[in-house]
Amino acid sequence: MKLFEANRYQELIKVTEKFHTTLDKDVVLDEVLIAFQEILPLYSNFLLLTHDHYSKSELPIIDPEYENENITAINAFVSGNIQMEESFAENRSILYVPLKGKQGVYGVMQIIASDTLNFPESDIELIALLANSAGNALENAHRYQKSLQEINNLQIINETSHRLNSNLRLAETMTYMSKQMKQCFAAQEVGFFLLTENQGRPKVLPGSTAFFFSKQAKLYVDYIIGKIQTDNKSLFIGDLNLPTIEDMVNFHSIMAIPMIQSQILKGFSIVMHQKAFFFSFDNFKLMQSLIHHSSLALTNSMLREELERMIITDHLTKLHSRNYLDEKIQRSMKEDEEGTFILIDLDNFKDLNDTYGHQVGDNVLIQVANLIKANIRGNDVGARWGGEELAIYLPKVSMEAGVSIAKRLVEKIADCSNPTITVSCGVSYWNKDRLDTYNYLFKRADDALYIAKGTGKNRVVTQIDSIRAS
């Protein structure tokens, strides 16, 4: 008997040495289970670990989340002391042995002795020694992998900060951030939101996944913004259950971090996953760090683009400035095959100002500008040329199509303006088949406009038929 005990303790020494030869948690867990099976072959054993402590599903591991009725196992985990459970009906005993290190409990070993209600004292002593050694080995592996994760997180934060401070455009900045978050957190949806000055509906920023541009996202965004605006604090939600409509995707795991600059809430970021408890608390801390370190760069990107918009935008009409229009036309004449330029003048605008006052005149000018914006494409350029003269440039558009747009505008302005005003248009065109210049393109349109004004107004005249009105 003494020889048997000696052999078992020799085995304990060997497996203890083996535990500490690796800093891989999964390998340690493998060795722990093998050691218990070899040294205590008469007992069945299982490991009770939370899902964030292991990754190998083939190990005989039970998640304590599904053992919530087993108070004895929970007591062992919380107290750090061995707990015993006896079942007279099944004639068996169960030990719950905490795998404890110096800084905490890393799991519980469940050891089942069938056909007996008592564990021998010598076995309990051996089990305690084995569990203590396993707990220390797990703690070392956990601390090592934790340090690797922290180093990796710092590298991610440094790389992100470096990229964001390299004067990226806002769309590039947000797209980069979205990619980083998808990679770091395996998130299904990533969203960035900017709060407007009046704290109305938040604006979805570029880089957000398509879901956040859909109507379905409103339910989640409204819920999150309500929580964040209350106290400006981050949200870490493991199992959200909002009342959703039928066939709507449910997202249970959510992390939302406010973007705060100078103690003012500027916006927020959201990552979501359909699976409950998908994100770890380490994910949450990393996301907080990423947003904290990037808030200044994001705010600077938004301010820079807002300043650029102000520089290239006419204050009154919100159309583009003439300088911006000039640049776009000259670039188009280098890169495109053709383009059409429309010069627009408000007829009898001085008389309107004299009759109704300059405030009404400004309002009419804004009405005309809004009609221009409503009748051109996103890549077309509407601009204030100067005074009551406006202009439109249509890249890659033929003369025929450009004249059609100009005529439609003339009709709409006469029908919709209040007080009623009409406009005259001069249209010019260029293509790569002949030598041309920006100045000559403008002169042809200006000449056509002069004829339109002199032949009755409220009409369109082109560079080709500038001897007659249309």
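Student: Where in the chain is Val78 found, and how do you know that this stretch has that name?

Tutor: Val78 is found in helix 3, residues 71–79. Helices (H or I, at least four residues) and strands (E, at least two) are DSSP runs, numbered from the N terminus. The model is predicted, so local features need pLDDT of at least 70 and side-chain atom pairs count only at pLDDT 80 or more, while totals for chains, interfaces and linings use all residues. Residues are numbered from 1 along each chain as its sequence is written, and side-chain values use heavy atoms, with hydrogens and water left out.

Student: Why is Val78 called exposed?

Tutor: The relative accessible area of Val78 is 66%. Exposed means over 50%, buried under 20%, and partly exposed in between (1.4 Å probe, protein chains only). Val78 is therefore exposed, because its value is 66%.

Student: What makes Val78 part of a surface patch?

Tutor: Ile71, Ile74, Phe77 and Val78 make a nonpolar surface patch of about 370 Å². Patches take residues with over 30% relative accessible area and no salt bridge; like charges are joined within 9 Å, nonpolar side chains (Val, Leu, Ile, Met, Phe, Trp, Tyr) within 5 Å. The areas come from the Shrake-Rupley method with a 1.4 Å probe, and for residues only the protein chains shown count as cover.

Student: Why does Val105 count as buried?

Tutor: Val105 has a relative accessibility of 19%, so it counts as buried. Val105 is in strand 5, residues 105–114.

Student: What does Val105 touch, leaving aside neighbours within four places in sequence?

Tutor: Val105 is in contact with Phe77, Gly80, Pro98, Leu99 and Lys100. Contact means heavy atoms within 4.5 Å.

Student: What makes a set of residues a nonpolar core, and which members of the largest one touch the most others?

Tutor: A core is a set of buried Ala, Val, Leu, Ile, Met, Phe, Trp, Tyr and Cys residues joined through side-chain atoms within 4.5 Å. The largest one has 30 residues, of which Ile344, Leu346 and Ile372 touch the most other members. Elements that each supply at least two residues of this core include strand 11 (338–346), helix 10 (358–374) and strand 14 (423–431). Helix 11 gives the largest share, seven residues. Apart from this core lies another, of 28 residues, among them Val28, Ala113, Ile124 and Ala134. In soluble globular proteins, nonpolar side chains tend to be buried together.

Student: Why is Ser424 called buried, and which backbone atom lies 3.2 Å from its side chain?

Tutor: Ser424 has a relative accessible area of 0%, so it is buried. Ser424 lies in strand 14. The backbone nitrogen of Asn458 lies 3.2 Å from a polar atom of the Ser424 side chain. A polar contact is a pair of N or O atoms within 3.5 Å; within protein, one must be able to donate a hydrogen and the other to accept it, and residues adjacent in sequence count only if both atoms are side-chain atoms. Not counting residues up to four places away, Ser424 also touches others, including Asp345, Asp347, Lys453 and Lys457.

Student: How do you know that Asp282 and Lys285 form a salt bridge?

Tutor: Their closest N and O atoms are 3.6 Å apart. A salt bridge is a side-chain nitrogen of Lys or Arg within 4 Å of a carboxyl oxygen of Asp or Glu. Asp282 and Lys285 are about one helical turn apart, because they are three residues apart in helix 7 (residues 281–311). Asp282 is partly exposed at 28%, and Lys285 is partly exposed at 38%.

Student: Which other salt bridges are there, and how many does the structure hold?

Tutor: The structure holds nine. Among them, Arg444 meets Asp436 at 2.8 Å, N to O, and Lys443 pairs with Asp447 at 3.1 Å. Arg444 counts as buried because its relative accessibility is 11%. Lys443 and Asp447 both lie in helix 12, four residues apart. Asp345, Asp347 and Lys453 are linked in a network of salt bridges.

Student: What makes the backbone at Lys457 stand out, and why is Lys457 called partly exposed?

Tutor: Phi of Lys457 is near 65 degrees, a positive value in a residue other than glycine. Lys457 has a relative accessible area of 26%, so it is partly exposed.
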